[in-house]
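Please look at the sequence and the model shown here. The report that follows goes through its sheet, its helices and the meeting of its chains.

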There are 2 protein chains.
Amino acid sequence: MAIFLSESEVAKLIDFPTAVDVLTDAFMSQAQGTASNRPRIRIPINGGTYNLMAAANLAKNVVGLKVYTASKNGAPMLIVLHAADGTGLLAIMEGGKISGCRTGAMSGISAKYMAKSGKHVLGVIGSGFQARAQILGVLAAVSVERVVVFSRNTEKVDAFVKSMASEIQVPISAVSSTDQLCAESSVVVLITNSSEPVVLTEQIRPGTHVIAAGNNTWLRNEFEPTLAAKASIVVVDDVDQARIEAGELMRASELGLFNWDRAVSLASVVSGIRKGRTSDKDITLFSSQGIGLLDVAVATHVYGQAKEKSLGAILGA
Amino acid sequence: MAIFLSESEVAKLIDFPTAVDVLTDAFMSQAQGTASNRPRIRIPINGGTYNLMAAANLAKNVVGLKVYTASKNGAPMLIVLHAADGTGLLAIMEGGKISGCRTGAMSGISAKYMAKSGKHVLGVIGSGFQARAQILGVLAAVSVERVVVFSRNTEKVDAFVKSMASEIQVPISAVSSTDQLCAESSVVVLITNSSEPVVLTEQIRPGTHVIAAGNNTWLRNEFEPTLAAKASIVVVDDVDQARIEAGELMRASELGLFNWDRAVSLASVVSGIRKGRTSDKDITLFSSQGIGLLDVAVATHVYGQAKEKSLGAILGA
């Protein structure tokens with residue numbers, strides 16, 4: 001019997017540390033060839049886009065998709081899971097919570113495999129609704145001693161820092177410049193919707209792991225193309241999708257600063273096929289677009305939990 | 001409030017004549033640029049495929065997809081509709097009835113625009129579960145005086161003819177050879193899962209409209225590649241999708257018998273941009289793969305009917 005789970009039910013069945021484990025497992029499966037991902041499809045709608053992201057996780061006997069419209073009316077998301085042995089629909093669930101959670105957890109995983117060892121200062125540029133998941137995701141994956149946040153909107157950043165301080169166990173504060181943020185941080189997360197770089201390549205210190213997580217369209221642009229040339233490794237969540245969505249890398253490629261042959265999948269790094277970092281002086285770069293495999297992996301975990309607890313509305317009857 | 005409709009509810013809300021009207025309207029919108037279709041995506045699963053078909057019908061403020069697994073365990077289908085103004089999920093419904101109905105109705109539409117004028121003898125090669133929808137679809141769109149059916153399995157064809165005779169208003173009988181079927185029929189429907197041609201090009205008389213509807217993978221093969229060369233017009237439901245699914249046309253192209261530049265979309269014919277037939281001697285060919293636009297169009301109609309009648313289970317609450 002297939003089930004339907006609303007956003008509030010989903011929220012009770014997933015947390016960031018679990019998402020880190022679930023996604024790590026999915027990336028291992030992808031590297032081993034039992035999980036696969038298709039680049040996002042976008043179809044124009046009135047004032048926005050219709051988005052489809054499909055993936056298979058045969059090791060879990062699940063195939064699924066996330067579908068959503070993105071427009072000024074928000075981004076209502078739905079995830080649909082079918083059994084990969086062809087026996088039918090498993091579950092339909094609202095996908096907003098899962099999307100935020102998997103994006104943050106993936107950033108955490110990139111830090112775990114690409115940042116220096118030891119305790120980190122996490123610097124976050126941006127204080128919108130996605131910044132929270134980035135902080136929680138990185139905290140769930142690596143050891144962080146404090147968090148610093150920069151946003152051009154100082155009122156917004158103060159409210160954000162105050163809200164986050166009540167939710168996490170490590171100190172968090174606002175900083176007044178990206179210079180200060182980059183000087184203090186060993187992991188820098190960009191989580192803005194900027195169309196101009198929010199950090200300059202010269203600001204990034206040796207040894208920093210940069211996570212560019214705000215973009216999934218080439219119209220946006222969070223770092224300078226020269227960072228792709230300076231980074232010792234450039235990792236993406238899906239190479240095919242990054243080629244059409246990772247605006248900064250697309251610009252860098254067009255300008256002769258980056259060769260797509262250098263793009264490494266996060267699955268290759270997680271599975272150990274490629275080393276995320278070779279020295280404490282490396283600048284490492286992870287460009288995150290968000291992939292269907294992650295939605296399917298987290299949703300599969302949520303589905304399993306819901307079945308175990310007999311949650312969700314039965315569909316079809 | 002989004003709704004969920006089960007197969008039995010959907011079945012009450014659609015019929016073949018209505019589907020012919022709904023699809024004609026969708027093809028007109030496609031020709032005018034307010035509706036669009038994406039080729040099917042296939043992802044391998046255990047012993048089968050996971051299939052995704054997306055389309056937008058902005059004239060109806062709907063965007064949607066059909067998703068299904070296809071394997072020895074059947075093809076459980078689901079259709080998901082979102083509002084094209086970004087305001088959210090409209091409906092989720094089981095999609096088996098809609099799929100059969102739209103495939104049959106589309107064949108009917110091809111006959112309406114491509115077959116000779118006047119009363120037809122409809123010849124159907126194949127007597128599987130999809131043959132019924134083909135007959136009902138053609139009967140809903142053009143004037144048919146009788147139906148003849150051929151299948152290699154004579155027991156199966158007798159049962160099929162008996163069952164159909166109780167459902168339609170025109171005579172239906174089995175014939176013992178494809179020679180006889182082609183000699184009698186002005187519209188010939190191929191609805192098999194054969195990997196070898198079920199009809200020879202030399203059997204097709206001048207003036208015949210051939211509908212090849214059984215395939216949607218290049219592994220199968222219902223007619224000879226020479227038919228593509230002999231036909232005065234070759235129409236497909238989606239040119240991009242046909243290029244990777246229409247096995248016979250792909251073979252014909254590979255053999256130099258068919259140029260993809262000759263492939264005409266059914267939308268172009270329905271909208272009058274292209275003539276379906278220029279003389280009573282023409283052999284016309286419609287190669288049907290099945291497209292998401294049709295699923296979305298019929299599902300949109302079903303959704304409207306369900307809302308009007310307050311049917312369906314409310315999702316999410």
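## A pair of strands in the sheet

Strand E12 (residues 209-212) and strand E15 (residues 284-287) of chain A pair in the parallel sense over four bridges, where two strands count as paired if DSSP finds at least two bridges between them, and where strands (E, at least two residues) and helices (H or I, at least four) are DSSP runs numbered from the N terminus. Within this pair, Val210(A) has Leu285(A) in E15(A) as its bridge partner. This is a predicted model, in which local features need pLDDT of at least 70 and side-chain atom pairs count only at pLDDT 80 or more, while totals for chains, interfaces and linings use all residues. Residues are numbered from 1 along each chain as its sequence is written, and chains are lettered from A and ligands numbered from 1 in the order in which they are written.

The two strands belong to an open sheet of chain A, in which eight strands follow the order E10-E9-E8-E11-E12-E15-E13-E14 with parallel pairing. Strand E10 (172-174) and strand E14 (263-265) of chain A each have a single partner strand, so one side of each is left without a neighbour in the sheet.

## Helices across the sheet

H4(A) lies across E8, E9 and E11 of chain A and runs at about 165 degrees to E8(A), with angles taken from 0 to 180 degrees between the N-to-C directions of axes, which are lines fitted to C-alpha atoms, for helices over the stretch in contact. H5(A), in turn, lies across E9 and E10 of chain A, at about 175 degrees to E10(A).

How many of the 13 residues of helix H4 (residues 129-141) of chain A are buried? Ten of them are, so the helix is largely enclosed by the rest of the structure; a residue is buried if 20 or more other C-beta atoms, placed from the backbone, lie within 10 Å of its own, exposed if 12 or fewer do, and partly exposed in between. Among the buried residues of H4(A) are Gln134(A), Ile135(A) and Leu136(A).

## Where the chains meet

In all, 37 residues of chain B are in contact with 37 residues of chain A, contact meaning that the C-beta atoms of two residues, placed from the backbone, lie within 7 Å. The elements of chain B that give two or more residues to this side are strand E3 (41-45), strand E4 (48-57), strand E5 (62-71), strand E6 (77-83) and strand E7 (89-94).
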